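Reader: I have a structure open beside me, and I would like to learn how to read it. Could you take me through it?

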Amino acid sequence: MPFINFPAREVNCKIVYYGPGLCGKTTNIQYIYRKTNPNARGKLITLDTDTDRTLFFDFLPLSLGDIRGYRARFFLYTVPGQVYYEATRRLVLKGADGVVFVADSQRERMDANLESHEDMMRNMVEHGLDPEATPFVIQYNKRDLSTAAPVEDLRVDLNPEAKCPDFEAVATTGYGVFDTLKMSVKQVVRQLRRGHTLQP
Amino acid sequence: MIGPRLVLYDEDQQRLTETCGRLAREANAGMVFVIDRSGQLISQTGEVGGFDTTAMASLAAGDIAATGGLAHLLGEKEFPHLFHEGEKHSIHLSLLGRSWILVVIFDERSSLGLVRLRVRKFGEELSRMADEIVARAPDERTVSPFADITDDDIDNLFADF
């Protein structure tokens, strides 16, 4: 739910990175953090386990600049990917204005992608987010691995009707990371423009 | 029509700041925040100087969300108050209405008992404000500042990337 703060002249939006365990959600956020002007970013908060697996969420606030005198701020969150953190994923998704689904391109992770995708759809509906109307981007990560399936095969399962924009990525090198983020931000802002009359 | 649903005006901010300021003074608390359940910082009062209030809001909302999950597992509707005690600073969190959270941060100049008492005193007033702001009908000012932006405006957001 975007928050328009007239006194502070700010518009705050929330983008959630979703996907199966070890698909690279945290790597996306870490790359964005490293490559963003320090003046435009806040502290990167990571709540992880002793083995660096996301336990609750990663959080990165970004200030992208001004539009018509209002500061546009985007709060990036990741969910924990491991299957048994389902309850936590649902909590992090609350209030999302845009969702990025990070898929693991490796053939042997296809089932995990599908399971996570279904879990995400279920949780979106539970939060009252219409999957058809919510800004949504897919990223096919780990394109550099020899075990990566062809993008066409991934699309058949995850984006069969090409309803949402999708990007190839190698989050460890940054390839595709900002393309994905920019598209998500554009979708969210366009949504704000379309919904210019506010409802309670 | 899809559109933003949480809008704060100057008069809302004044009322929140004034009430939170009285709470802070009467509870001897250093900082008082109001945040929403998705982690957005709505209002802040007090000695916020060196603290990262954005991160604090996000983590406090996560704290409430996780504790709410625990409550559900036990068959409870909510745990409406949380308290974390540190060596120098302590945090008291409580639910405001259906959507917001009140965060009070205090040190040795106050006590849990005093904070609880004052939160009870001001909590009802703040809860009413919260429910009213979240649920109110749109008025003539509720036009998104993004209503007439162009694709170029959006592209310019990434000028520094």
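Author: We will go through a sheet, its helices, some salt bridges and the nonpolar cores. This is a predicted model, in which local features need pLDDT of at least 70, side-chain atom pairs count only at pLDDT 80 or more, and totals for chains, interfaces and linings use all residues. Residues are numbered from 1 along each chain as its sequence is written, chains are lettered from A and ligands numbered from 1 in the order in which they are written, and side-chain values use heavy atoms, with hydrogens and water left out.

Reader: In what order do the five strands of the open sheet in chain B lie?

Author: Helices (H or I, at least four residues) and strands (E, at least two) are DSSP runs, numbered from the N terminus, and two strands pair if DSSP finds at least two bridges between them. Here the order is E3-E2-E6-E5-E4 in chain B, with antiparallel pairing. Strand E3 (41-46) and strand E4 (81-85) of chain B are the edges, each pairing on one side only. Neighbouring strands are turned by 15° against each other on average, direction ignored; axes are lines fitted to C-alpha atoms, for helices over the stretch in contact, and angles run from 0 to 180 degrees between N-to-C directions.

Reader: How many bridges join E2 and E6 of chain B?

Author: Six bridges, in the antiparallel sense, join strand E2 (residues 31-36) and strand E6 (residues 100-106) of chain B. To find one, look at Ile35(B), whose bridge partner in E6(B) is Ile101(B).

Reader: Which strands does helix H2 of chain B touch?

Author: Touching is a matter of contact, meaning heavy atoms within 4.5 Å. Helix H2 (residues 53-73) of chain B packs on the sheet and touches E2, E3, E4, E5 (90-96) and E6 of that chain. The direction of H2(B) makes about 65° with that of E2(B). Helix H3 (residues 112-135) of chain B lies across E4, E5 and E6 of chain B, at about 35° to E5(B).

Reader: How many salt bridges are there over all chains?

Author: A salt bridge is a side-chain nitrogen of Lys or Arg within 4 Å of a carboxyl oxygen of Asp or Glu. The count over all chains is 21. Take Glu132(B) and Arg15(B), whose closest N and O atoms are 3.3 Å apart. Glu132(B) sits in helix H3 of chain B and Arg15(B) in helix H1 (residues 10-27) of chain B, 117 residues apart.

Reader: What does the salt bridge between Lys121(B) and Glu26(B) tie together?

Author: Their closest N and O atoms are 2.8 Å apart. Lys121(B) is in helix H3 of chain B and Glu26(B) in helix H1 of chain B, so the pair ties together parts 95 residues apart in sequence. Buried means under 20% relative accessible area, exposed over 50%, and partly exposed in between (1.4 Å probe, protein chains only). Lys121(B) is partly exposed at 48%, and Glu26(B) is partly exposed at 30%.

Reader: Which residues touch the most other members of the largest nonpolar core?

Author: Such a core is a set of buried Ala, Val, Leu, Ile, Met, Phe, Trp, Tyr and Cys residues joined through side-chain atoms within 4.5 Å. Of the 35 residues in the largest one, Ile32(A), Phe74(A), Leu76(A), Val185(A), Val189(A) and Phe146(B) touch the most other members. Helix H5 (177-194) of chain A is among the elements that each supply at least two residues, and H5(A) gives the largest share, seven residues. A second, separate core of 28 residues includes Val16(A), Tyr77(A), Ala96(A) and Ala55(B).
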